[in-house]
Amino acid sequence: MTTPKITLHTYFRSSCSARLRIALSLKSLPYTSIPINLLKNEQSSPQNTARNPSATVPTLIIEYPDPTQPPVSITQSLAALEFLEDAFPNNGPPLLPPVSNPTHRALVRSLSTIIACDIQPVTNLRILKRLAPLGIDRTAWSKGLIEDGFRAYEALIKDSAGRFSVGDSITMADVCLVPAVWGAQRVDVEVETLFPVIARVFRALEGERAVREGHWRGQGDTPEEFRDGDKQ
């Protein structure tokens, strides 16, 4: 079967985009990266809102060689991760535990949702911009809410974690966790001290090729000053 053309509209520091960069690498699926600069408000351009009415990134577009098969456009990262697993089940490691283990599948989805719903929104640029007129310290605000989310994640993986969040195989939960830790590091959350299980899993994930390839410091649109280990 011919691999379809895959395009990812992304931003180097977007945690949602990073989830898909890591997953596409895990699945060994080549893709074209098209940067959308959030600081220049390119996400609100007519071109981007036409493909993504939420005026966000990422947008994952799949175009098939068969002209009778319409292209697929997905504008939410968790839905895109599920699609990649369903559409390419034989590529790379499975992002979800087997159907025969519904308990672990539900756990992976719960962990992913903690990241996507409880943690990521408080680091979203659109949300943070709305804090400024209120006189709120956005770093302190984000830090406290990230810690709340990590506290829940840590409690759930205390018994399930092996090398990764659920056992010894990378899952969708880990793909979501990595960018969340990157974001936590930017606001000085003491991950190693407060969340030892998350920290251990994250260290294991850092050694994975797909994580290194998806790292925000190494993307085509990463500014030069953020490369080579400079402080976030």
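The UniProt record, an unreviewed entry, annotates residues 101-224 as "domain: GST C-terminal"; such positions are given in the numbering used here, and annotations may be inferred rather than shown by experiment. The model is predicted, so that local features need pLDDT of at least 70 and side-chain atom pairs count only at pLDDT 80 or more, while totals for chains, interfaces and linings use all residues. Residues are numbered from 1 along each chain as its sequence is written, and side-chain values use heavy atoms, with hydrogens and water left out.

Within the annotated span, residues 101-224 are 64% helix and 0% strand, and the end C-alpha atoms lie 45 Å apart; helices here are DSSP runs of H or I with at least four residues, strands are runs of E with at least two, and both are numbered from the N terminus.

Helix 7 (residues 172-186) packs against helix 1 (residues 15-26) at an angle of about 135°, the two axes being 8 Å apart. This makes helix 1 oblique to helix 7, a term for angles that are not under 35 degrees (roughly parallel), over 145 (roughly antiparallel) or 65 to 115 (roughly perpendicular). The contact (heavy atoms within 4.5 Å) is made by Ser 15, Ala 18, Arg 19, Ile 22, Ala 23 and Leu 26 of helix 1, together with Val 175, Cys 176, Val 178, Pro 179 and Trp 182 of helix 7.

In the loop between helix 6 (138-157) and helix 7 one finds Ser 160, which is buried, with a relative accessible area of 17%, where buried means under 20% with a 1.4 Å probe and protein chains only. Not counting residues up to four places away in sequence, Ser 160 touches Leu 107, Ser 165, Val 166 and Gly 167.

Definitions and conventions. Axes are lines fitted to C-alpha atoms, for helices over the stretch in contact, and angles run from 0 to 180 degrees between N-to-C directions. Buried means under 20% relative accessible area, exposed over 50%, partly exposed in between (1.4 Å probe, protein chains only).
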